[in-house]
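Please read these notes with the structure open beside them. They are set out as numbered points.

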Amino acid sequence: MRRNFVAGNWKMHGNRAMVRELLDGILAEVDQIEAPPAMAVIPPAILIPQVAERVAGSAIEVGAQNVCDQEGEGAFTGEISGAMLQEAGCRYALVGHSERRALYGESDALVGQRALAALGAGLTPIVCVGETLEERDADQTEGVVQRQLQAVLAATGADRARDLVIAYEPVWAIGTGRTATPEQAQAVHAFLRTQLGSAAPDVTILYGGSVKADNADALFGMDDIDGGLIGGASLKADQFLAICRAAAA
Ligand code: PEP
């Protein structure tokens, strides 16, 4: 279902004390947001149980930063299955974050399998796609995001497109302080929507890449941008709340 949505990807940041402080700050004010968007935080896996317990009963949901591509249990050392994440309180799982693709060699096909396994466990995959600066400069943006998205749809079946959240995250804008302009982001979001067939009007498409309180309004004001996947700014309660307010209906 298409809806306004803000998700905070904490990456490899945090500890138990930080979870207490950050969530205290968010939970103190989140109820005052009028017509709030859907909201989730995505902590490192080991902090998921603590986060899930703290946000239970609030409007904040929980996601995982990755999910094993295998369903069920087995000899997959170091992996965490979708069922385990679900039991720990997750509703979402990121798949294909550019850091996973670039630093850990995750292929389009593997990202597709991870999305399929997430769906199998009842999680909503947040499928990250985005081009590097070299690819943008070579006019390959649409080709890259199309390839990345189609690999996921090939794995899940196009009929599951409605069950995905897509996050367009230009690699050159992640953690760099350099944001795509609202027009640049809107153009790619509109293109991504054309790739979703009859599901297009129903799919939530987030923008990610140096979203902050002061640029969120302009980005979220674009027709095909339904909210944001937020990295650095999601580690500060006041920034995260301000971004959630900008995504309110
Ligand atoms: C991200 O990690 O998904 C992200 C968008 O990071 P940042 O907001 O810090 O650019």
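**Notes on the model**

1. In strand 8, Leu 229 is the bridge partner of Gly 208. Strand 7 (residues 204-208) and strand 8 (residues 227-230) run parallel and are joined by two bridges. Strands count as paired if DSSP finds at least two bridges between them. Helices (H or I, at least four residues) and strands (E, at least two) are DSSP runs, numbered from the N terminus.

2. This is a predicted model, in which local features need pLDDT of at least 70 and side-chain atom pairs count only at pLDDT 80 or more, while totals for chains, interfaces and linings use all residues. Residues are numbered from 1 along each chain as its sequence is written, and side-chain values use heavy atoms, with hydrogens and water left out.

3. Helix 8 (residues 182-194) packs on the sheet and touches strand 5, strand 6 and strand 7. The direction of helix 8 makes about 150 degrees with that of strand 7. Contact here means heavy atoms within 4.5 Å. Angles run from 0 to 180 degrees between N-to-C directions, with axes fitted to C-alpha atoms, for helices over the stretch in contact. Helix 7 (residues 141-156) lies across strand 5 (124-129) and strand 6 (165-168), at about 155 degrees to strand 5.

4. The barrel is closed by eight strands in the order 1-2-3-4-5-6-7-8, with parallel pairing. On average, neighbouring strands of this sheet are turned by 25 degrees against each other, direction ignored.

5. Strand 3 (residues 60-64) pairs with strand 4 in the parallel sense over two bridges. Ala 64 stands opposite Ala 93 in strand 4. From strand 4 (residues 92-95), Tyr 92 and Leu 94 point one way and Ala 93 and Val 95 the other way; all are buried. Buried means under 20% relative accessible area, exposed over 50%, and partly exposed in between (1.4 Å probe, protein chains only).

6. Where does Gly 232 lie? Gly 232 is in the loop between strand 8 and helix 10 (237-246). Gly 232 counts as partly exposed because its relative accessibility is 48%. The C-alpha atoms of Gly 232 and Ser 210 are separated by 7.4 Å, and the two residues are 22 residues apart along the chain.

7. The largest pocket holds about 570 Å³ of space. Of the 22 residues lining the largest pocket, Met 12, Gln 65, Asn 66, Arg 100 and Tyr 104 are the closest to its centre. A pocket is an open set of points on a 1 Å grid where a 1.4 Å probe fits, with protein on both sides within 12 Å along at least five of seven lines; lining residues have an atom within 4 Å of a point. Helix 4 (residues 98-103) gives the largest share of the lining, three residues.

Key. Grid points are joined across faces, edges and corners, and a volume is the space filled by probe spheres set on the points.
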